Amino acid sequence: MSRNGSETRRERRRRHREEGRPGPPGPYSLLPWLLMGLGAFSNLFQGKTPNPWIGGVGLFVFNSLYISVVFRGFDKKKRESPASYVTLAVMAVVTFGLAIGYGGSWLLFFPLLSLACGTVLRHRQLVLGLLALAVVASLVAVWRGDNSSDPWTIGYGTFISGAVTAAILTLSETVMELRATRQELARTAVEKERLRFSRDLHDLLGHTLSVIVVKSEAARRLAPRDMDAALAQVTDIESVGRQALTEIREAVTGYREGSLATELDRARSALTAAGIEPVVRRSGPPLAPQAEALLGWVVREAVTNAVRHSTATTCSFVVDGTAERVRLTVTDDGRGRAAEPPMPGIGGTGLKGLTERLAAAGGSLTAGPGQGGGFVLTAELPVDPADSGGCPAPTHTLGR
């Protein structure tokens, strides 16, 4: 309990750190740059600007357009809309008019226009727009000749303002996308782990509990007439329970690797206790550990279904393979579920989970009624030649 609590606290602290990290700059971070227009406002206030009403209206319109463009630039959908480009074009017309008409400190509206361009334009549009704007700002400064700074300074400031703004915003957007991608990958990993655990738990508990039930019924039947045989079944129940505890612990940590031979031996014990005659035939080269584990899960599910639903008298397991592929075929002569006829295809949760497991390893699983009755489950998997060793295992028969 304390371990789970500490993990929860760590997860909470990590989430708080993620939320506490600075995000991308917002539109409000670009509003203080409007203070660059204080020189023009001072000229208007001191009466140094001819036609002050025109200059005042121009200053108001420019500031309004700047705020509108900046806020639209931080919304991708609005930024790429035609209205943003129209607003930017109107802002450029106002800037040219004020800079050409008044000069001096009014030339500083070119860097402000460049900042607005940096929030809206991207890629080739941005480069061409900033170059053209910088050249025009320098030419206007030369033509006016009344600015305290060199003309090239106005051009350089105009270009660098928009370039730096666009670079910072693009980098910030990329960082936010990477954060979102990382969160999505973490969520996907958690979902995959939950799916793996649920499949393992279903296969482990479904098989184990079915074996325990069958052996308990056998012990109950044997107890009145053969106490030694009943005690043997009880001993098997204890062994199965202990083994199940070990396997569940291994499944929780994700390190469980099943052995096909071990699963086949357990299948013989469980089927025999249920009154079903097991027949096992195996041939072909040795299997890679992954193939052994996957086929072991198939054997488990097949035995569980046969014991629960088949009412069969015989169940056969045939393993054959080549250097490239291995096939496991499980056939019983039962009638399927009593309440419903057997249907072709992949049905229950266990078979669906096995289908996903085998598909992920490049294999396949088919299940359905056999031609002569009963039920047939077939699993195929690729075999790694490097793991096969090239030495065929001898063909042998068990359970007959």
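**Figure 1. A nonpolar patch on the surface includes residues of the predicted model such as Trp 152 and Val 164.** Trp 152, Tyr 156, Ile 160, Val 164 and Ile 168 form this patch, and together they have about 510 Å² of accessible area. A patch is made of residues with over 30% relative accessible area and no salt bridge; nonpolar side chains (Val, Leu, Ile, Met, Phe, Trp, Tyr) are joined within 5 Å, and like charges within 9 Å. Accessible areas come from the Shrake-Rupley method with a 1.4 Å probe, and for residues only the protein chains shown count as cover. Val 164 has its place in helix 8, residues 151-222. Helices (H or I, at least four residues) and strands (E, at least two) are DSSP runs, numbered from the N terminus. Val 164 counts as partly exposed because its relative accessibility is 40%; buried means under 20% relative accessible area, exposed over 50%, and partly exposed in between (1.4 Å probe, protein chains only). This is a predicted model, in which local features need pLDDT of at least 70 and side-chain atom pairs count only at pLDDT 80 or more, while totals for chains, interfaces and linings use all residues. Residues are numbered from 1 along each chain as its sequence is written, and side-chain values use heavy atoms, with hydrogens and water left out.

**Figure 2. The second largest pocket has a volume of about 410 Å³.** Rolling a probe the size of a water molecule over the atoms shows where empty space is left. On a 1 Å grid over the protein atoms alone, a pocket is an open set of points where a 1.4 Å probe fits, with protein on both sides within 12 Å along at least five of seven lines; lining residues have an atom within 4 Å of a point. Grid points are joined across faces, edges and corners, and a volume is the space filled by probe spheres set on the points. The second largest pocket is lined by 23 residues, and Arg 79, Arg 122, Leu 169, Thr 170 and Glu 173 lie nearest its centre. Two or more lining residues come from each of helix 4 (76-79), helix 7 (123-144) and helix 8. Helix 8 gives the most, with nine residues. The lining has 10 nonpolar, six polar and seven charged residues. Here Ala, Val, Leu, Ile, Met, Phe, Trp, Tyr, Cys and Pro count as nonpolar, Asp, Glu, Lys and Arg as charged, and the others, Gly among them, as polar.

**Figure 3. Salt bridges link Arg 79, Arg 122 and Glu 173 in a network.** Side chains of opposite charge can pair when their charged atoms come close. A salt bridge is a side-chain nitrogen of Lys or Arg within 4 Å of a carboxyl oxygen of Asp or Glu. The structure holds nine salt bridges.

**Figure 4. A salt bridge joins Lys 215 to Asp 236.** The closest N and O atoms of this pair are 3.3 Å apart. Lys 215 in helix 8 and Asp 236 in helix 9 (residues 227-253) belong to distant parts of the chain, 21 residues apart. Lys 215 counts as buried at 2% relative accessibility, whereas Asp 236 is partly exposed, with a relative accessible area of 28%.

**Figure 5. Arg 282 and Glu 292 form a salt bridge.** Their closest N and O atoms are 2.9 Å apart. The pair links distant parts of the chain, with Arg 282 in strand 1 (residues 277-284) and Glu 292 in helix 11 (residues 289-310), 10 residues apart. Arg 282 counts as buried at 17% relative accessibility, and Glu 292 counts as buried at 15%.

**Figure 6. Glu 380 forms a salt bridge with Arg 327.** The closest N and O atoms are separated by 3.0 Å. Glu 380 lies in strand 5 (residues 375-382) and Arg 327 in strand 3 (residues 325-332), so the pair ties together parts that are 53 residues apart in sequence. Arg 327 counts as partly exposed, at 39% relative accessibility.

**Figure 7. Asn 51 has a positive phi value in a residue other than glycine.** Phi of Asn 51 is near 50°. Asn 51 has its place in the loop between helix 2 (38-45) and helix 3 (52-73). With a relative accessible area of 52%, Asn 51 is exposed.
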